[in-house]
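Below are my notes on the model you sent.

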Amino acid sequence: MGLSKCKLGKYIELREITNVDYSFDMESVRGVNNLKQLMPTKADLNGRDLSKFQIVYPDEFVFNHRTSRNGSKFSIAYNDSNKPVICTEDYVVFRIREEARTELSSEWLYMFFNRAEFDRYVITNSWGSSTEFYNWEDLCEVEVELPLLCVQQKYVDIYNAMVANQQAYERGLEDLKLTCDGYIEDLRRKLPCEKIGKYIIERNIKNEVGLNVDSVRGISTGKELIDTKANMDGVPLGNYKIVKPNEIAFISDTSRRGDKISLAINSSPKTYLVSSISTVFETNKKYLIPQYLFLFFLRAEFDRYARFHSWGSARETFNWEDMCDVQIPIPNIGVQKSIAEMHTVYNARKKINEQLKAQIKNICPILIRGSLEE
């Protein structure tokens, strides 16, 4: 089988190159998520000294050594792009030693990290009291069995081919979204905007049909109905509001929601329940179909509009009357349906893309096992 077994520390070296000359600005800052990806940071960078941030060059790894409250996963990523990025000084940056590259492939090692088995190993071997850590020294102690480099590369090629196919699919997905957004912008230029108040009807139907806690949904700022995060033990559901298929629900409170409004459409064939503080409405489908209206709610422009038109002191709200004052172009039903159907196709393909990503992640342990057994 040509396997060699030793500790990972033999093959990797720590990197601590900082952004001392400010070569990289805020646009280059990245965080690391528990999906093993580099992502634009969500942290507030105002006042942060970027000269202390570490540079992550192409073909280098970076991880967050804090493992608490991270979904039982280890946040580690690999810079497989051709551009350097920077990350907080709290992270750990490393790469494979130059002399070890004849024995260990960076991409094979990234597949090794992408296994749920490795997440479990890291969480088990993290230490601390209120905050648990998995440090550089712990990573160096990881024992690995290495197949020959040519065998590693064979399975890396399979992985890369799958990633390339998924990325090509994703590019087509973004093209479809741009087309959909382009149609909406064209309507905004060509048609006068009307207040939607005369086309929407508030629904205030309480849970008189006896739906149980399994039907309760929360409303996210991501514009989705989601499984509720509230503790529902002993909570009476009689005052909860019914959201039928194709009805829209929103929460009027816009404070402390990341400058977004919590709003969603029930695109399923099921009837759900939402909190009594929510507002539920339907559209007059003779003039305005809900799927078309919802496309405008999905736009960042609408979030900004809702926040700007919210009012209050300790708590700001965007109420039913404010919703009725929203203005959009309203073309004939045929045009509305065409645009809505295009977005439906986009959503279906978006789900397929997420499934492809999940398959790629799930294939990593299979590829690692295959390379070890060959």
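**Notes on the predicted model**

1. The axes of helix H1 (residues 106-113) and helix H8 (residues 333-373) cross at roughly 120° and come within 8 Å of each other. That makes H1 oblique to H8; angles under 35 degrees count as roughly parallel, over 145 as roughly antiparallel, 65 to 115 as roughly perpendicular and the rest as oblique. The axes are lines fitted to C-alpha atoms, for helices over the stretch in contact, and the angles run from 0 to 180 degrees between N-to-C directions. Helices (H or I, at least four residues) and strands (E, at least two) are DSSP runs, numbered from the N terminus.

2. H1 passes H8 in a left-handed crossing. A crossing is left-handed if the near helix is turned anticlockwise from the far one by less than a right angle, and right-handed if clockwise. On the H1 side the contact is made by Trp-108, Met-111 and Phe-112, and on the H8 side by Cys-364, Leu-367, Ile-368, Ser-371 and Leu-372. Contact means heavy atoms within 4.5 Å. The residues of this contact of H1 with H8 divide into seven nonpolar, one polar and no charged. In this scheme Ala, Val, Leu, Ile, Met, Phe, Trp, Tyr, Cys and Pro count as nonpolar, Asp, Glu, Lys and Arg as charged, and the others, Gly among them, as polar.

3. On the basis of the model: it is predicted, so local features need pLDDT of at least 70 and side-chain atom pairs count only at pLDDT 80 or more, while totals for chains, interfaces and linings use all residues. Residues are numbered from 1 along each chain as its sequence is written, and side-chain values use heavy atoms, with hydrogens and water left out.

4. H8 also packs with helix H5 (290-297). The angle between H5 and H8 is about 65°, and their axes are 8 Å apart. This crossing, too, is left-handed. Gln-291, Tyr-292 and Leu-295 of H5 make the contact with Gln-336, Ile-339, Ala-340 and His-343 of H8. Sorted by type, the residues of the contact of H5 with H8 are four nonpolar, three polar and no charged.

5. Helix H4 (residues 149-190) has 42 residues. From its first C-alpha to its last, H4 reaches 60 Å, close to the 62 Å expected at 1.5 Å a residue; the expected span is 1.5 Å times one less than the number of residues.

6. Which elements do the buried residues of H4 pack against? They pack against H1, strand E12 (143-146), H5, strand E22 (327-329) and H8. The buried residues of H4 include Tyr-155, Tyr-159, Gln-166, Cys-180 and Leu-187. Buried means under 20% relative accessible area, exposed over 50%, and partly exposed in between (1.4 Å probe, protein chains only).

7. For the protein as a whole, there are eight helices and 22 strands. The C-alpha trace spans about 70 × 45 × 45 Å along its principal axes. Of the 374 residues, 44% are buried. Among contacts between residues at least 6 apart in sequence, 80% join residues at least 24 apart.

8. Ser-220 is buried, with a relative accessible area of 14%. Leaving aside residues up to four places away in sequence, Ser-220 touches Ile-226, Ile-261, Ser-262 and Leu-263. Lys-223 is buried as well, with a relative accessible area of 7%.

9. Most residues other than glycine have a negative phi. Phi of Lys-223 is near 65°, a positive value. Ser-72 has a positive phi near 60°. Ser-72 sits in the loop between strand E6 (61-63) and strand E7 (76-78), and is exposed, with a relative accessible area of 53%.

10. Is Glu-16 buried or exposed? Glu-16 is exposed, with a relative accessible area of 63%, and lies in the loop between strand E2 (12-15) and strand E3 (30-32). Glu-16 and Ile-55 are 39 residues apart in sequence and 7.7 Å apart in space, C-alpha to C-alpha.
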